[in-house]
Amino acid sequence: MTDQQTHGETSSDTGYETIQVRTEGRVGIIQLDRPKALNALNSQLCREVVQAAAAFDADENIGAIILTGSDKAFAAGADIKEMASKDFAQVYAEDLFGLWDRFAATRIPVIAAVSGHALGGGCELAMMCDIILAADNASFGQPEIKLGLIPGMGGSQRLTRAIGKSKAMEMVLTGRTMKAEEAERSGLVARVVPLAELQQTALEMATAIASMSRPVAMLAKEVVDAAYESSLAEGVRLERRLNFACFALEDRREGMAAFVEKREADFTHR
């Protein structure tokens, strides 16, 4: 899925204007598509990403989502031209950025395949995903302070949880960008791969996840996310309850039977 690829459904097929959407097997792919604006996150793109992710989330035939941009930019930030004329009353009344919470609440696993710039809102959007795969040309940052702002889509919170207070504070207070290698060392991204291999690597990972039991993958995502919100004791209790819940699933029986019989499991997502 390079800048030139248009396989599968395109924006004209789906009615979307700022993204392209397609499927590969049980994987849903959302590609940000505002090349002239380096995929800046305007309100229309936000609505379309949220709508597309919700549709995949509701589709039992989709087990994982890839969110990606172009080789040059995952997303270079929020659309400053759209925001520049707004005042406090406007942004408060419309709950600016609030719609992104719906994307963050997607229940099936989401992989961000990041190449090029992931700055400001772009970095925050990547961090809303469950796994970040970075191309070797990726860069991450929260440069809002240079515009007289602070992050507004969760950057101060998710970045601190991902890389720790000191480094997050440095990035938020100075606006410094972080290259892919440093992002991997710091725990922000899961893996760095050559740019030419990014999309294939993301698809292989998403396909592997989507081949698992869909409800179990959703439970696994829920319990890992809970580690951010709960104490260790509370998290372990939740994990144990959800582990017990798996015993009600047909897929748990199939998975254990397949292991005993030394064959591949044939999950039915029930």
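Residues are numbered from 1 along each chain as its sequence is written, and side-chain values use heavy atoms, with hydrogens and water left out. Because the model is predicted, local features need pLDDT of at least 70 and side-chain atom pairs count only at pLDDT 80 or more, while totals for chains, interfaces and linings use all residues.

The protein chain splits into domain 1 (19–211) and domain 2 (214–261), with bounds that come from an automatic or database domain assignment. Their C-alpha centres sit 27 Å apart. Across the divide, 15 residues of domain 1 are in contact with 6 residues of domain 2, contact meaning heavy atoms within 4.5 Å.

Now for the inside. In soluble globular proteins, nonpolar side chains tend to be buried together. A nonpolar core here is a set of buried Ala, Val, Leu, Ile, Met, Phe, Trp, Tyr and Cys residues joined through side-chain atoms within 4.5 Å; buried means under 20% relative accessible area, exposed over 50%, and partly exposed in between (1.4 Å probe, protein chains only). The largest such core has 47 residues, and W100, F103, F140 and L188 have the most contacts inside it. Helix α2 (residues 43–58) puts in the largest share, 7 residues. Helices (H or I, at least four residues) and strands (E, at least two) are DSSP runs, numbered from the N terminus. Leaving out neighbours within four places in sequence, W100 is in contact with L41, L45, C46, V49, L125, M128 and M153. A second, separate core of 16 residues includes V27, I66, A135 and L203.

On to the open space. A pocket is defined on a 1 Å grid over the protein atoms alone, as an open set of points where a 1.4 Å probe fits, with protein on both sides within 12 Å along at least five of seven lines; lining residues have an atom within 4 Å of a point. Grid points are joined across faces, edges and corners, and a volume is the space filled by probe spheres set on the points. The largest pocket comes out at about 800 Å³. Of its 27 lining residues, M127, C129, D130, D225 and Y228 are the closest to its centre. Both domain 1 and domain 2 give residues to this lining, so the pocket lies between them. The largest share, 5 residues, comes from α11, and α6 (121–128), β7 (131–135), α7 (155–163) and α11 (214–226) each supply at least two. By class, the lining has 17 nonpolar, 4 polar and 6 charged residues, where Ala, Val, Leu, Ile, Met, Phe, Trp, Tyr, Cys and Pro count as nonpolar, Asp, Glu, Lys and Arg as charged, and the others, Gly among them, as polar.

The second largest pocket holds about 630 Å³. It is lined by 32 residues, with A78, I80, M83, L147 and L149 closest to its centre. Helix α3 gives the most to this lining, 3 residues.

C129 deserves a note of its own. It lies in the loop between α6 and β7 and is buried, at 7% relative accessible area. Not counting residues up to four places away in sequence, C129 touches L67, F103, V110, I111 and A112.

Finally, the backbone. Most residues other than glycine have a negative phi. F97, in the loop between α4 (88–93) and α5 (100–104), has a positive phi near 75 degrees.
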